[in-house]
Amino acid sequence: MKLQITKVAFFTLLLHNNNNNNSHNTSNVVVVNAFAVKASNNSNKFAYKSSFTTPNKSTNLAAVSRKDAYSITLLPGDGIGPEITAATCEVLQTLTKKCGFTLEMKEALIGGAAIDAANDPFPQESLDQCLSSDSVLLACIGGYKWDNNPRELRPESGLLKMRKEMGLFANLRPAKVLKQLIDASTLKREVVEGVDIMVVRELTGDVYFGTPKGIDTLPSGERVGYNNMIYSESEIQRIAQVAGDVASKRQGRLCSIDKANVLDVSQLWKEVVTEVITDEFPEIELSHMYVDNAAMQLIRWPKQFDTIVCGNIFGDILSDEASMLVGSLGMLPSASIGSSGPGVFEPCHGSAPDIAGQDKSNPLAMILSAAMMLRYDLDRSAEADLLEAAVEAVLDQGVRTADIKQETDNCELVGCKEMGERVAKLVETMDMPATTV
Ligand code: IPM
Ligand code: MG
């Protein structure tokens, strides 16, 4: 059986492992660059190579064909969400002006903000708006204020509802150590230098959504809590296909994570992943690892991993772990996609309520998420390359937010807003990258 999910196929085609190179607005409608100017001279003077991705080879297959105006739903969410969204919008505004296209960004509510406004962490109106856009850019959700709410009125429930309702079954979380930030990692330089891992996490199944679930009271009066860790064959097949596709465009090594020595659901997972990869991706070197060992190996010698595929809960845990190899959760973008419809692009980090509103957050993960959106949903790979290059350039200039600043690094400490402005300035002044082939 071949991969029939065209969007996913396209998306993952672009996830190469490159071995060679190493306004916000409070109003409801934010039209970025309503008066688009002509693209600046794309003269290929600056044939830069980004550390984030390799050239995009199949722009014609994008989820949304290239056009001059796109509709984007912006979900600022909670905590530091609004400030990183503002910084990202400023960067996007500069980018669209320079490159001659328009992003019509309309905000919608999710998380605590939606609970406060509509008593629903992801109201139908937000879902409808997301589904009718070309793509969705999400900041982060959650905060102390809603921590004691009943489950259905917690911000996290909004996120889960969004994933399920939009069919976003594949979540891609790259953890690539940038040379500029090696010392920001808590691990030794020789362990993290050169690490480049892609975690492919299944996002709409497993114990997150399995039923039955609940907390019951037994006749004895004792309470029992339970969830169902469950995967159907077809759910495993489709994520294995995505992972196979991703791995085949990287180093061709795929490690599937399970707990098959204990769990039946993992036994099926292992069998189905093996079938799919053997039948459809025979060139891929497939290995299997128990999740506890994987957690240890990720810290011991992360360079052994290329692409990792796992179920929802194991992926949740391991992707946080992998992110710390990179130094800060504040640097990691992610993409969630389904077989059709818009994808959702969001930083891996949470809403950091402890520093919310203090201009201390790091907007780079959201800016990099916007780059993923441009590349994978909007058929704008050159613009995505430029954004990623600008992020690397700002780090090269020694500009750091608090989360990636080391005491002794002599770098300049800036706030979220300033970081956004610096990246925007670079977007404005840097040459467009060479057209990728
Ligand atoms: C993540 C988060 C979410 C998850 C929470 C906020 C529901 O931890 O995206 O990794 O568990 O999936
Ligand atoms: Mg998580």
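Here is a short chat about a predicted model and some of its helices, residues and its ligand shell.

Biologist: Hi! What should I know before I look at this one?

Modeller: This is a predicted model, where local features need pLDDT of at least 70, side-chain atom pairs count only at pLDDT 80 or more, and totals for chains, interfaces and linings use all residues. Residues are numbered from 1 along each chain as its sequence is written, while chains are lettered from A and ligands numbered from 1 in the order in which they are written.

Biologist: Thanks! How many helices and strands does the chain have?

Modeller: There are 13 helices and 15 strands. Both are DSSP runs numbered from the N terminus: helices are H or I with at least four residues, strands are E with at least two.

Biologist: And how much of the chain is buried?

Modeller: Of the 437 residues, 51% are buried. Buried here means that 20 or more other C-beta atoms lie within 10 Å of the residue's own, exposed means 12 or fewer, and partly exposed is in between, with C-beta atoms placed from the backbone.

Biologist: Let's pick a helix. What is H2 like, covered or exposed?

Modeller: Mostly covered, as 18 of the 19 residues of H2 are buried. H2 runs over residues 81-99 and reaches 26 Å from its first C-alpha to its last, close to the 27 Å expected at 1.5 Å a residue. That expected span is 1.5 Å times one less than the number of residues.

Biologist: Why do you call H7 largely enclosed?

Modeller: Because 13 of the 16 residues of H7 are buried, the rest of the structure largely encloses it. H7 covers residues 233-248.

Biologist: New topic: which residues are around ligand 1?

Modeller: They are Glu-156, Leu-159, Leu-160 and Asp-316. A residue is near a molecule if its C-beta atom, placed from the backbone, lies within 6 Å of it. Helix H5, residues 155-165, gives the most to this shell, with three residues.
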